[in-house]
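Please read it alongside the structure shown here.

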Amino acid sequence: GKKHWQTWSVRALFGREDEPCEYQVVGRDITERRLAEELLRQQTWNLKTINQLAIEFASLSKGDSVTALATKKLMELSGAAVTTFSVYNPTERTLQPTNLENAPGNPDIMIPARGKPPEDIKIPVSTGLFREIVSTIVGTIKIPPGAGNDQIPPFFNPGIRKQMGIDHFMGIAYVIEGELYGTSVLAIKHGQPEPSTDLLESFAHIVAISLRRDRAEATLHESEERLRSFIEQALEGVSIVDDEGHIIEWNAAQEKITGISRAEALGTCAWDLATRMIPDEHHREEIRSRMKESIELTIKSGKSTHPDPVYYRFLCPDGTIAIANQTVFVVKTSQGHMIGTLNQDVTEQMTANEKIKESESSYRGLFNTVRQAIYILDPEGKFIDVNEGAETMYGYAREEFLGKTPEFLSAPGKN
């Protein structure tokens with residue numbers, strides 16, 4: 001029943017009268033050569049197809065559906081009656097049908113048996129089923145996942161399979177390094193040759209790479225959203241400078257502390273904005289140069305040259321002077337380093353401290369101008385302060401009084 005290819009050549013032998021007197025017929029079996037040529041043509045076509053597919057999937061724009069393109073291309077490659085795609089959720093350990101392609105002329109009976117929309121269908125994947133799926137990238141399947149709980153399209157039903165002329169099903173697992181990203185099912189009709197396994201395995205690898213990229217981007221986006229939420233809700237002012245020295249983050253608390261809006265800060269060079277905030281206009285250029293050098297060195301080395309924490313005064317847009325406590329940290333990225341700062345407004349606290357120091361200085365001056373001995377005792381009767389009059393009267397330095405009781409002054413000649 002196998003097909004064979006042969007070539008035949010006929011050679012005529014002529015006699016004395018220049019008439020053919022004999023014929024020689026030579027036949028050769030070229031089946032192996034033809035099969036090799038067919039295989040080479042198929043491999044060349046497969047390679048060209050895979051290269052084109054790789055370009056198409058790599059060129060997908062953000063927001064374009066990998067699963068929709070995969071389902072469509074799988075229909076074109078296989079010639080199947082129906083192709084489906086289900087995405088695997090590793091957290092929930094479920095498969096969720098997302099896409100289905102139905103060949104022209106097929107009845108429109110692709111809705112799951114219970115009439116559920118695809119987004120409501122989640123097929124549980126047990127440990128055993130998971131191992132079964134990832135063990136074979138391309139293969140024939142008898143019962144697809146979800147058949148047990150009636151969550152599959154009805155074309156798997158024997159009656160409808162017969163109506164559609166479906167002979168069997170092939171399954172594809174999109175797997176990379178043991179990680180499952182999704183599955184597809186192909187409905188193969190009677191008499192239809194199965195698509196090349198090598199081609200489908202290469203296709204599965206390309207799609208799996210795209211799905212892995214999508215999953216990584218989704219995870220990154222979620223992480224960025226969580227970080228964004230944290231930064232926005234932080235009570236401390238947060239600013240972040242990218243690897244080129246431009247401000248890329250300036251939260252609401254930082255707006256409140258500095259009086260500079262997020263829109264005004266973003267995109268500005270950190271040293272330019274910091275220079276504008278310096279109260280001393282006469283030394284701004286000199287300080288700007290030092291700031292630029294320090295920031296660029298930190299970005300390059302990944303090590304902060306900034307002492308932590310530090311208090312600094314800055315000029316607000318309304319002309320007032322504010323004080324902040326700043327901590328600098330370095331963030332390592334795939335491109336290099338970024339610089340972040342945490343800032344606390346301590347203007348009121350520092351102003352209060354300065355007033356207390358001024359008050360203490362005034363009190364100390366008044367305290368020491370009195371010639372009589374004055375001392376202050378704590379609840380336990382110990383000295384906590386004495387004036388210069390007491391030092392003169394008793395002959396002890398102030399430090400010698402502190403922590404002692406008046407009894408030590410009862411020595412002869414001292415009281």
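1. What covers the buried residues of α9 includes α8 (270–276), β11 (310–315), β12 (321–332) and β13 (337–345); contact here means heavy atoms within 4.5 Å. Helices (H or I, at least four residues) and strands (E, at least two) are DSSP runs, numbered from the N terminus.

2. The model is predicted: local features need pLDDT of at least 70 and side-chain atom pairs count only at pLDDT 80 or more, whereas totals for chains, interfaces and linings use all residues. Residues are numbered from 1 along each chain as its sequence is written, and side-chain values use heavy atoms, with hydrogens and water left out.

3. Helix α9 spans residues 284–301, 18 residues in total. From first C-alpha to last, α9 reaches 25 Å, close to the 26 Å expected at 1.5 Å a residue (1.5 Å times one less than the number of residues).

4. Arg-284, Ile-287, Ile-295, Thr-298 and Ile-299 are buried in α9 (under 20% relative accessible area, with exposed over 50%, for a 1.4 Å probe and protein chains only). These residues lie on the same side of α9 because they cover an arc of only 100° around the axis, taken from the directions from the helix axis to the C-beta atoms. The face turned away from the buried side of α9 carries the exposed residues Glu-285, Glu-293 and Lys-300. Gly-302, with a positive phi near 80°, follows α9.

5. The largest pocket has a volume of about 840 Å³. A pocket is an open set of points on a 1 Å grid over the protein atoms alone, where a 1.4 Å probe fits, with protein on both sides within 12 Å along at least five of seven lines; lining residues have an atom within 4 Å of a point. The volume is the space filled by probe spheres set on the points. Of its 32 lining residues, Ala-274, Met-291, Ile-295, His-306 and Gln-326 are the closest to the centre of the largest pocket.

6. Which element gives the most to the lining of the largest pocket? It is α9, with six residues. By class, this lining has 19 nonpolar, 11 polar and two charged residues.

7. The second largest pocket has a volume of about 530 Å³. Among the 18 residues that line it, Asp-214, Arg-215, Glu-217, Ala-218 and Thr-219 are the closest to its centre. The largest share of this lining, 10 residues, comes from α5.

Note on methods:
Ala, Val, Leu, Ile, Met, Phe, Trp, Tyr, Cys and Pro count as nonpolar, Asp, Glu, Lys and Arg as charged, and the others, Gly among them, as polar.
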